[in-house]
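Student: I have a new model open and would like to learn how to read it. Could you walk me through it, feature by feature?

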Amino acid sequence: MFAPLVAMLASLRTAALFGVEAYPVCVEVDVSFGMPGFTMVGLPDASVRESRDRVRSAIRNSGFTFPPHRVTVNLAPADVRKAGSSFDLPIALGILAASGVVERRQITNLVLLGELSLDGSIHATRGVLPIAVAARRDGLAGILLPSANASEAAVVGGLDVLAVSSLADAVRTLNH
């Protein structure tokens, strides 16, 4: 007897910058049966498309299994170009959430951002202050970001700042 085909979907929040303004971006990740592959849609520029390799290596080098299935990442809204490496962490966490490693598949009360190194460590990112201001304005609970950016985000009152130094640290924080 065949096992039922079950697609796993995760949805997370991040943000992008347009000049000095931050705008919300929803990262939707679907892990489903099919030919293994990693597809990214939603007008990612070259720096975002390159995140596929960083994310795959960071997941593996952090002790997690990259799913041997079809992975589709949608960066919504689809009509706005996304640029920069700060999408790495939310994409990786979305893959891990869709795979069941991160226990919550819908993480809508936090903004997640950070650039991943191949070893799973997280590098500082730019534009944290306007993103934190936008998160507070939108009534979100907090922001999960690189430890190096924590003091910048802490300037914005009324927002929980969750500073992490690695992908494994981010998974532990979200599962706590």
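Tutor: Gladly! Let's start with a definition: contact means heavy atoms within 4.5 Å. This is a predicted model, in which local features need pLDDT of at least 70 and side-chain atom pairs count only at pLDDT 80 or more, while totals for chains, interfaces and linings use all residues. Residues are numbered from 1 along each chain as its sequence is written, and side-chain values use heavy atoms, with hydrogens and water left out.

Student: Which residues is isoleucine 59 in contact with, leaving aside its neighbours within four places in sequence?

Tutor: Its partners are Phe64, Thr65, Phe66, Ala92, Ile95, Leu96 and Leu167. Isoleucine 59 sits in helix α2, residues 51-61; helices (H or I, at least four residues) and strands (E, at least two) are DSSP runs, numbered from the N terminus.

Student: Is isoleucine 59 buried or exposed?

Tutor: Buried means under 20% relative accessible area, exposed over 50%, and partly exposed in between, with a 1.4 Å probe and protein chains only. Isoleucine 59 has a relative accessible area of 0%, so it is buried.

Student: How do I read a nonpolar core?

Tutor: Take buried Ala, Val, Leu, Ile, Met, Phe, Trp, Tyr and Cys residues and join them through side-chain atoms within 4.5 Å. Here the largest such core has 39 residues, and Ile95 and Leu167 are among those with the most contacts inside it. Helix α3 (88-98) is one of the elements giving two or more residues to this core; α3 gives the most, with 8.

Student: And the sheet: what is the order of its strands?

Tutor: In general, strands of a sheet pair through backbone hydrogen bonds, either parallel or antiparallel. Two strands count as paired if DSSP finds at least two bridges between them. In this model, 7 strands form an open sheet with mixed pairing, ordered β3-β4-β2-β1-β5-β8-β9. β3 and β9 (160-164) each have a single partner strand, so one side of each lacks a neighbour in the sheet. Strands β1 and β2 run antiparallel and are joined by 11 bridges.

Student: Why do the buried residues of α4 line one face of the helix?

Tutor: An α-helix has 3.6 residues a turn, so residues three or four places apart point the same way. The buried residues of α4 (128-137) are Val128, Ile131, Ala132, Ala134 and Ala135. Seen down the axis of α4, they fall within an arc of 160°, taken from the directions from the helix axis to the C-beta atoms, so they line one face. These residues pack against β1, β2, β5, β8 and α5 (150-154).
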